[in-house]
Amino acid sequence: MRAQSRIAFILLLTPLLLWLGLLILIPHIDMALISLRERISFGVYETSLLQYQKALTEPLYLRTFWRTAVMSVLATAITLLIAFPVAYYIAKMARGRLQQVLFMLCLIPFYVSELVRTFGWMILLRETGLISNLLQWAGLADQPVEMLYNDAAMMVGLVYTSMLFMVVPLVTTLESLDDSVVEAGYDLGGNGLSVLREIIIPHAMPGIVSGCIVVFMLSLGNYLTPTMLGGKDSLWFTEMIYNQFIVRSNWELGAAFGFMLLVLSSVIVWGMLRLTGRTLQETMG
Amino acid sequence: MIPTIPRSRAFRLIYGSYVLAFFLYLALPLTVVAVFAFNDSQFPSLPWEGFTWNWFFGEDRPQIGVFHERGILRAVGTSAFVALCVAVLSVSVGTTNAFLFNRYDFRGKGLLYVLMLLPLVIPGIVLGISILVFSSTLANGIWDLAQMDIQALRPGLLLVILGQFSFITTIATLVITARLQKFDRTLEEAALNLGATRLVAVRTITLPFLMPAMIGAVVVAFLMSFENFNTTLMLVGSDAPLTIAMFDRLKEGSTPLLNAVSLLLMLGSSLLALLVILFQRR
């Protein structure tokens, strides 16, 4: 029996180790090694920090890196602000059927490819698009307005794309908030604002943290939305990785960029977890 | 701010319209994509030139419909093939992972669990390039050693499948583990008492119990693979899956053909999602 159990254990462990080892750990180590080398001549490489030096001194690279980070944080904050009242409405104000239907309606857009959603925003925002025509018809503009290819359009797309990943965890945590606790808050003399600050937000914290982490990750790693909706000046860090790898075939610099993105996202996720005293298992599992 | 606490009319009105506005915002892009699939014009934009089915069934230039456009049909086939492989692979590994984490205690279990979650917090594009880099290191190594060129390790469908598998497995593991935790172990013990071997007990008692979660995971994995863009973009070779093929066309300028494809995608994925919900409810 023991021997049998041991064989079963090994059989179950093997796929996990193969998956994590061959597709996650070793590839990332390999990427780190490649980012640490410098091409001397054909087929001859030397270990050096040149790629990181380039990445950290070239103003365009550095600027794009920080811009991507700041814009992702901004997108996360906007998503949270928009989603919170809606999630609260679904979890606490709506009842029965209505609650279920509203929740389902939130999910539907996200069964559709991100490409389709981005395409929808392009149809709406471009010069010949719906909103431009609407403005002209209403007399607010006397010529076609181009609303695509700028930071605002990109932000609209980013927020739209990650909305679900904020709404769902918020609804789940808010649903577990007992109505009587909120009533008690009012009975003790609190007003809407202090109840929100002292009771509702602390209770929703786990949902806020996991929503923010996922939305931040998705914005940071997004390629499609900045490429299609953003303008010439709104270069995104993922676009630079793509350019180095596929367009320029400069894998060393591309790998260094990839590693910088990975470090940035890990640091921010780790920071958010530390700040709220939670672990990755609780937040994701 | 709960229904039992009275609020002013104005507050309720403003709150209600905010929620309504939110749902309009959610629906807007998808609605325009769907509506312009029927515009009898070369561009998916105003003016409205009249209703047509040509972008679905049209056979002649310039309005070739989805069902006669070879490139798109081939891309759909590629995507379906990739998604099927990813779904089967990731749910199989997800199931073995679930059993491992649920049934065994061993040294390093906590560490392995965190490692298992990691693919969710690695940007998709980084997953893509790391696998691209490693597979080409492997391919170059094999070439240096044995002068063999392994095409499978160059960008192409195998790498796309592996790349998507690498993070979808985490999701499959989480879904199946959640269900396995609710399983009553005494049922399995009863089967053992009745003379079943361990394997038979798992096959006849535990796996049927897990089935709804496994089927749900298959559908979720299929959809995620079908829609994946970032990881696929870095690993794609000559046969492009649908999202990449559509992206290439979108860059060149769009025709309502893309709207028609998108509408079919929406219908397809909502149908799948509906099936899962019906199945879970049973």
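Biologist: Taking buried as under 20% relative accessible area, exposed as over 50% and partly exposed as in between (1.4 Å probe, protein chains only), is Asp151(A) buried or partly exposed?

Modeller: Asp151(A) counts as partly exposed, because its relative accessibility is 32%. Bear in mind that this is a predicted model, in which local features need pLDDT of at least 70 and side-chain atom pairs count only at pLDDT 80 or more, while totals for chains, interfaces and linings use all residues. Residues are numbered from 1 along each chain as its sequence is written, chains are lettered from A and ligands numbered from 1 in the order in which they are written, and side-chain values use heavy atoms, leaving out hydrogens and water.

Biologist: OK, and which residue forms a salt bridge with Asp151(A)?

Modeller: That is Arg67(A), with 3.2 Å between the closest N and O atoms. The two residues sit in helix α3 (residues 59-93) and helix α7 (residues 151-175) of chain A respectively, so the bridge ties together parts that are 84 residues apart in sequence. Helices here are DSSP runs of H or I with at least four residues, strands are runs of E with at least two, and both are numbered from the N terminus. Arg67(A) counts as buried because its relative accessibility is 17%.

Biologist: Which partner does Glu252(A) have?

Modeller: Glu252(A) pairs with Arg37(A) at 3.0 Å, N to O. This bridge links distant parts of chain A, from helix α12 (residues 251-276) to strand β1 (residues 37-41), 215 residues apart. Glu252(A) is buried at 8% relative accessibility, whereas Arg37(A) is partly exposed at 23%.

Biologist: Switching to chain B, what does Arg103(B) pair with?

Modeller: Its partner is Glu188(B), the closest N and O atoms being 3.1 Å apart. Arg103(B) is in helix α3 (residues 70-103) and Glu188(B) in helix α7 (residues 185-193), 85 residues apart. Arg103(B) is buried at 18%, and Glu188(B) is buried at 4%.

Biologist: Last topic: which residues of chain A does UniProt annotate as "transmembrane region"?

Modeller: The unreviewed UniProt entry gives residues including 102-124 and 152-171, in the numbering used here, with feature names shortened and annotations that may be inferred rather than shown by experiment. In the model, residues 152-171 are 100% helix and 0% strand, with end C-alpha atoms 27 Å apart, while residues 102-124 are 74% helix and 0% strand, with ends 24 Å apart.

How values were computed. A salt bridge is a side-chain nitrogen of Lys or Arg within 4 Å of a carboxyl oxygen of Asp or Glu.
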